[in-house]
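Open the model in your viewer and keep the selection panel at hand. The stops below go one after another.

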Amino acid sequence: MTIFALGVNHKTASVDLREQIAFSPEQLHSALPALREQTGVREAVIVSTCNRTEIYCHADGVSGPSSDLLLGWLAGYHGIPATTLQSHSYCHTDAAAIDHLMRVASGLDSLILGEPQILGQVKQAYQFAKNQASVGGILERLFQQTFHIAKRVRSETAVGENAVSVAFAAVNLARHIFADLEQASVLLVGAGDTAELVAQHLTEIGVQKLMVANRTLMRAETVATKFKGQAHTLGELPELLPQADIVISSTASTLPIIGKGLIESALKQRKRKPMLLIDLAVPRDIEAQVDELSDAYLYSVDDLQGIIQENMRNREEAAAQAQAMILEQTEQFMTWLRGLDHVDVLREYRQHTEQLAQDQLQRARNQLAAGKPADEVMAELTQRLTKQFLHAPTRTLREAGAKGDYQTLAVFQQLYNDND
């Protein structure tokens, strides 16, 4: 049997190509049965996210599909030429495929090393395939062991603990400075993608008092409504700043919009209560002179980049530890898989020999019923069984001898000696 992992991801293909071969939930209802109809495919799971589309399948080792067949199916399903995918795809088999799946689920193959969302996405893909009766004993065990090792990687390494995005680094900095962010009042200046991501992280850690100020009120309302905050315009900054314990700014302005005088005035109204200011904009939104104020603590995007680089180094060290854990788990699964192959060979061999014996037994019974002497029938039965049982091994040994295949000859010799 063979385990396949075939697909494209953010490392091998552009967004445009990834979009073309992504599977919607509706498409998966038809795609999984269609994939199962491919020659030799026994089980299949399709993982499709914004950063990757991957096919995992268990197939017959001899009569199963090739990587070209699977690639052709993927391209054909989405109506694009297979040659378009050829140079942007990858295909792993057996141990390499198992290792790849475990790396994916553990966040080691993600755009952002250690990101946690992918594990949930892999679990969702597995559950969908299971509901479609597309998962059997092999992939069931593989995915369960994958979830087990991914959980271990999360709990036993620091691969996902340190901030490696500007938005998360800003929120993480605020969390370390303020013991109780639930009671802190946060002002987001700007309402673009970065601000929205910051708002998401803030909400996830329990921030309840959120204000969003933007040049256009409509965009501010969009972000504020999504995260249960209040929307304002930039013209209201003089009134909003005194209320803010934390200010995180990320506009596209070419000039600073928050000056030293504005913050100094806000601090007086706050009765010198400290204020944390994080400027994520390039060029800067907040004048550098603000850092001269004794109760204002200003961090720029450059300050955060230093934190991010250190955290990335820490994640990479943790990733090496995680890879060692995954390697061990992969070897355990391959040992189990090889054991199954052994069981299958024995089962097939026994079924074959039992069928031969039954055929000759029925022949002997027919001869006895026809009146042939029992001694002759038994002698002929023994002779026929011996010839049939030795036919395939004898042919294999002759071919091995002619080819100089000493490994096969040695295995037969070992079996012969063991029988003695």
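Which strands does helix α8 lie across? Select residues 166-177: helix α8 lies across β8, β9 and β10 and runs at about 165 degrees to β9. This is a predicted model, in which local features need pLDDT of at least 70 and side-chain atom pairs count only at pLDDT 80 or more, while totals for chains, interfaces and linings use all residues. Residues are numbered from 1 along each chain as its sequence is written, and side-chain values use heavy atoms, with hydrogens and water left out.

Helices (H or I, at least four residues) and strands (E, at least two) are DSSP runs, numbered from the N terminus. Axes are lines fitted to C-alpha atoms, for helices over the stretch in contact, and angles run from 0 to 180 degrees between N-to-C directions.

Next, select 260-269. Helix α12 packs on the sheet, touching β9 and β10 (contact: heavy atoms within 4.5 Å); its direction makes about 155 degrees with that of β9.

Now show the sheet. It is open, with six strands in the order β7-β6-β5-β8-β9-β10 and parallel pairing (two strands pair if DSSP finds at least two bridges between them). Because β7 (230-233) and β10 (296-300) stand at the edges with a single partner strand each, one side of each is left without a neighbour in the sheet. The twist averages 20 degrees from one strand to the next.

Zoom in on β8 (residues 246-249) and β9 (residues 275-279), which run parallel and are joined by four bridges. Ile 248 stands opposite Ile 278 in β9.

Last, select Leu 85. Among the residues that Leu 85 touches are Val 8, Leu 17 and Ile 80, not counting residues up to four places away in sequence.
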